[in-house]
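I opened the coordinates and kept notes as I went. The entries follow the order in which I looked things up.

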Amino acid sequence: MVLLLDLGNTNLYVGVYRNGSLVKEYRTNSDVNKSSDEYSDIIRAFFIANFLDPSEFRGAILASVIPSLTQVLARMVNKLLNVKCMIVGKSLKSGLSIRIDNPNELGTDLVADSVGGKAKYGYPLLITDMGTATKILAIDKNGNFVGCVIAPGIKVAMMALTKKSAQLMDIDLVAPEKVIGKNSPDSLNSGSIYGNIAMIEGMNKMMEKELGYSCKKVITGGYSNLLKEHIDKEFVHDPTLILEGLYQIYLKNGGED
């Protein structure tokens, strides 16, 4: 088995692959104040709940956008599984050709998304990843990563709005029945959910126009569940795409399942 970890600014997303397939997954909050032992307790509990034996793991790989926690998690994995944890970065081969001004600026999560997307769907491809930020990644007809769009994430935007507006309350994000809201919660949810759908669909069309051809379209990330029933049907909802990318990078660097 292989342990896959995607450490984002909001969540730690954990997956387990066995014989080339995802068998278990788990999300927990990211916390820069947690120690290696605390994260170890979280992963142990996940293993116990899913009857996973640490001794059966052959390897692990981590993508992290929080530098202060990268080695904390790597040490945790090394100790818990007695295997070396690969860390997505310059030292690992991804097989992704990155055609942007400064390839070193590209986040490891976006590299993993792109690798997973190419492996599962081919190219040209546009990947919308809804996390702390909403990112739309462009893979051209030659399989090159050629750039992206980054916008405030749906939850971040909602929190900023309610924090700065005295008469607006915190709400649970749920798609209302109609676009035109007749009360504050429905109006806020309409703007957040249907507004994001309009932005994502519109930006995808603009990116296709700029590329000069149609692309396959995938939506992923922790908040993509909020949109999956309402966004245009040409978008494939694949919430585990980043785990597939991590697994492919693991294999490209000599990892065994």
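I call two residues in contact when heavy atoms lie within 4.5 Å. This is a predicted model, in which local features need pLDDT of at least 70 and side-chain atom pairs count only at pLDDT 80 or more, while totals for chains, interfaces and linings use all residues. Residues are numbered from 1 along each chain as its sequence is written, and side-chain values use heavy atoms, with hydrogens and water left out.

**Leucine 246**

I listed the contacts of leucine 246, setting aside neighbours within four places in sequence. The list holds Leu4, Leu5, Asp6, Ile61, Ala63, Val88 and Ala112.

**Cores**

Next I looked for nonpolar cores. I count as one core a set of buried Ala, Val, Leu, Ile, Met, Phe, Trp, Tyr and Cys residues joined through side-chain atoms within 4.5 Å. Buried means under 20% relative accessible area, exposed over 50%, and partly exposed in between (1.4 Å probe, protein chains only). The largest core has 29 residues. Leu4, Ile61, Val88, Leu243, Leu246 and Ile249 have the most contacts inside it. At least two residues of this core come from each of β1, β2, β4 (59-64), α3 (108-121), β7 (125-130), β8 (133-139) and α6. The top contributor is α6, with seven residues. I also found a second, separate core of 27 residues, which includes Leu3, Phe46, Leu69 and Val77.

**Helix α6**

My helices (H or I, at least four residues) and strands (E, at least two) are DSSP runs, numbered from the N terminus. Nine of the twelve are buried. Among them are Leu241, Glu244, Gly245 and Tyr250. Glycine 254 follows α6 and has a positive phi, near 85°.

**Helix α1**

I ran the same check on α1 (residues 36-49). Its 14 residues should span 20 Å, and the end C-alpha atoms are 20 Å apart, which agrees. Which residues of α1 are buried? I noted Ser36, Tyr39, Ser40, Ile42, Ile43, Phe46 and Phe47. They sit on the same side of α1, because they cover an arc of only 160° around the axis. I took that arc from the directions from the helix axis to the C-beta atoms. Asp41, Ile48 and Ala49 are exposed on the other side. The buried residues pack against β1 (2-7), β2 (11-18), β3 (21-29) and α2 (67-81). Arginine 44 is also in α1, and at 43% relative accessibility it counts as partly exposed. Its C-alpha is 8.5 Å from that of proline 54, ten residues apart along the chain. Phenylalanine 51 follows α1 with a positive phi, near 55°.

**Hairpin**

I pair two strands if DSSP finds at least two bridges between them. β2 and β3 run antiparallel, joined by eight bridges. Valine 16 has lysine 24 in β3 as its bridge partner. Two residues lie between the strands of this hairpin, and asparagine 19 in the turn has a positive phi of about 55°.

**Cysteines**

How many disulfides does the structure hold? I found zero, taking a disulfide as a pair of cysteine sulfur atoms within 2.5 Å. Cysteine 148 is partly exposed, at 33% relative accessible area, whereas cysteine 215 is buried, at 8%.

Terms used
The expected span of a helix is 1.5 Å times one less than its number of residues.
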